Amino acid sequence: MRKVILFILLSLFSVVTVFSQDTLRGVIRDGKGLGVAGATVLIKGTSTYSIANGEGQFSIVASKRLPVTLRITSAGFRQQDVLVSEAQQDPLAITLVNDGQLSEVVITSRRRLETAQDVPIPISVVAGAVIEDAGAFNVNRLKELVPSVQLYSSNPRNTTLNIRGIGSTFGLTNDGIDPGVGFYVDGVYYARPAATTLDFIDIEQVEVLRGPQGTLFGKNTTAGAFNITTSAPSFKPGAKFEASYGNYGYIQAKASVTGAITKKLAGRLSFSGTQRNGVLENIVTQKPVNDLNNLGVRAQFLYTPTDRIKITVAGDASSQRPDGYAQVVAGVVTTQRAAYRQFNQIIADLDYKLPSTNPFDRVIDHNTSWRSGNDLGGVSLNIDAKIGGGTLTSTTAWRYWNWDPSNDRDFTALPVLTLSQATSKHQQWTQEIRYAGNLSSKISGVIGAFVIGQDLKTDPVHIEESGAAQWRFSKSSNSAKWETPGLFDGFGIRTTSRLQSLGAAVFGQLDWAITERLHVLPGLRFNYDQKEVDYLRQTYGGLQTSDPELIALKNAVYTNQAFVTDVDESNLSGQLTLAYKATEDINAFATYSTSYKPIGVNLGGLPTAGGEVLIDLARIKPEYVTHVEVGVKTSPTKNSTVNLVFHNTDIKDYQTQVQTAEVGVNRGYLANAEKVRVRGVELDANLRANNYVTLYGSVAYTEAKYTSFKNAPVPLEETGAPSAFKDISGGALPGVSKWAGCVGGEISSRKGNFMGHSGKFFLAADVYARSSFSSSPSPSKFLNVAGYMLLNARLGFKASEGLSIFAWSRNLLDKDYFEQLLPAAGNAGHYAGVLGDPRTFGVTLRYSVQP
């Protein structure tokens, strides 16, 4: 297998040739004669580009013979084309004209610099400045600006990041499968979903690519990818400081400094810290819970030994220590069990009463502390070398994740589940090598190889432990032995597991310009995945007895389980895109692609049948994805864009997380649904009416359903039915609203002055809305989240350099809403809710010196 991978890799790279070319140099200035830092210089008709430095200077290697046309773009300036017909003795002098037209968005998702409107991929781009102003400091908040994205988190480990409703399992996470949405920061793949809960640190731009992207990115992505770019080191000194204060004791501080260390070495150091008091009240401890306590730091060093080589070394570390992620009892349903097994009867027998039947009273009485110690970080080395008409890139990285949780999984003050602690450690290393650029006058593309190794293990064990009240919740007969003193008190399971995995791939995508307007983009990917699992679960505690009846009762709650498995597989997938640029303002495309998600293993425990553990469920089949989309990107005027895309995805052997009534599998387990289909339409638009008014909007219609799932576990309300399984074919996938959308805009003054600083006064607002969605893997009549709408607003003064100050509010209308609903362990009938934040408000002060 390794020989096959090496052969394909060498074959791909053998097409790269190095040849002598002209180097063009120049300086870009504005109307006042000042250098335009960060301006993009692109050789029209190619993917060769350069970025102007702090003084507006640039150099670019012509990837084809003269004459060539340079296209210069920069935010706030009119696009300009410059014809270079012969070799230049003196640097080019280019002056850009300030203009009120909509600035072109430059992206790097296809491993080269391009404008988003020219790329035949459905993509949403959110600039770092927009993220900062909107207070969208993590992915959960960013999703309100990109309606095709869904994120659900009952704690950092149990986080689901999906695009168009697919990517990862809904509910509690099972570590044995791979995410279908790639999460990349500066080209480095982050394997753990917990990374999506961290605060962004010094972000330049976030690109959200929709649909399979396996022929562009190292790790296979069946649903899409987040491509995050952080602010790079600059040789010109610069700094930015920001502090925010708000209700609930909210404090957030950010800082970033950059500049030259030597003539060829620059650095950047960035920091982010967020604290906020809790928004729930624990009436037992008399303390607020669900607070924020986040810290993050990132350091980067840029070394440029020549103008053709860039070496970047980066390191980051983030830590979360919240007293939080508690859930409240959101409701109680009547199951099909006997009357004595209904939740309300159980708590009555135990002389207990919920602190409130209204979850939005935001009170809990949990007797087990909630803890979510979440540490992530790593180091990376990135080398970019310009060779021929493109760039050869090597990205090497090592990352870690340490997880230290504590949860109250019965969501009450009763000693039912007294401990739930899945402490874990994870390490990953990745290596990606790729070449992106022009292979000939008509063919450009990306070719590369990728390898990832992962080691995930318990630290040292996962613990689930019952308390004195477990007998009443587990009681399934009228036997008096259920009430045996101490039978379940301290009875639990300790799990030791280790998952070691290796993934390798070669991938490539070409862009063949048949004509200037018609392009064909074929892509291929060869994947190899291997997973080794050693899983051991052992019971402990409770009443020590030799009575076979009592032992049987204990086994009905927890059982010993063990398995060892070693799986590997390889597959070939690809895509074919046809792109046609009808005019300069209309770009249409159609794509057919296939993709795979690797084989999965169950690491959360296995269900039983007749007292026997179902070992056959230890591993589940890989997903096979077939995807089609047709879209058009338009610029009706120089100040506007309107984009429309239709998509259809069919998935065979869809990997889903399903629930069971067994306490010993309270996290659920993985299963394959035979077939799933997701289809929809997405529309997004941007308008810059003039220099002072900007508007944007996006809407997504998504229909996601099981086309065939004939042996799914029953939903919560059908627990106790004659069969524990049912056919849910035609039912809705969890977590997917049929309708989701956002609209926003900003109005600013012509000019303003605040405390001696020049800038503008502004008023901005954005609205996010979504329709109802299922919150149960098997469709339920009760576990459905109602649709909701959120309004956020900002008012103040901002300057591109110097002092900015503005007031803000999120959820301005103080809407009560759920983000997720979860059945409690054991399926007694009660379920919990993850509550959305109430109205928050505050003020932000920012001071910046631009490099």
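View A. The model is predicted: local features need pLDDT of at least 70, side-chain atom pairs count only at pLDDT 80 or more, and totals for chains, interfaces and linings use all residues. Residues are numbered from 1 along each chain as its sequence is written, and side-chain values use heavy atoms, with hydrogens and water left out. Strands are DSSP runs of E with at least two residues, numbered from the N terminus, and two of them pair if DSSP finds at least two bridges between them. Leu209 has Ala225 of β16 as its bridge partner.

**View B. Three strands form an open sheet of mixed pairing in the order β4-β1-β7.** Because β4 (57–61) and β7 (92–95) stand at the edges with a single partner strand each, one side of each is left without a neighbour in the sheet. On average, neighbouring strands of this sheet are turned by 30° against each other, direction ignored; the axes are lines fitted to C-alpha atoms, and angles run from 0 to 180 degrees between N-to-C directions. Strand β1 (residues 23–29) runs parallel to β7 and is joined to β7 by four bridges. Ile28 stands opposite Ile94 in β7.

**View C. Strand β26 (residues 371–387) is joined to β23 (residues 309–320) by 12 antiparallel bridges.** Lys310 stands opposite Asp384 in β26. A further 17 bridges join β26 to β27 (residues 389–406), and these two strands also run antiparallel. Ser372 stands opposite Pro405 in β27. The hairpin of β26 and β27 has one residue between the strands, and Gly388 takes a positive phi near 60° there.

**View D. Lys621, Lys652, Lys675 and Lys710 form a positive surface patch.** Patch residues have over 30% relative accessible area and no salt bridge, with like charges joined within 9 Å. Accessible areas come from the Shrake-Rupley method with a 1.4 Å probe, and a salt bridge is a side-chain nitrogen of Lys or Arg within 4 Å of a carboxyl oxygen of Asp or Glu. The place of a Lys charge is taken as NZ. Lys621 lies in the loop between β37 (619–620) and β38 (623–634).

Methods. Patches are made of residues with over 30% relative accessible area and no salt bridge: like charges are joined within 9 Å, nonpolar side chains (Val, Leu, Ile, Met, Phe, Trp, Tyr) within 5 Å. Lys and Arg count as positive and Asp and Glu as negative; His and the chain ends are not counted.
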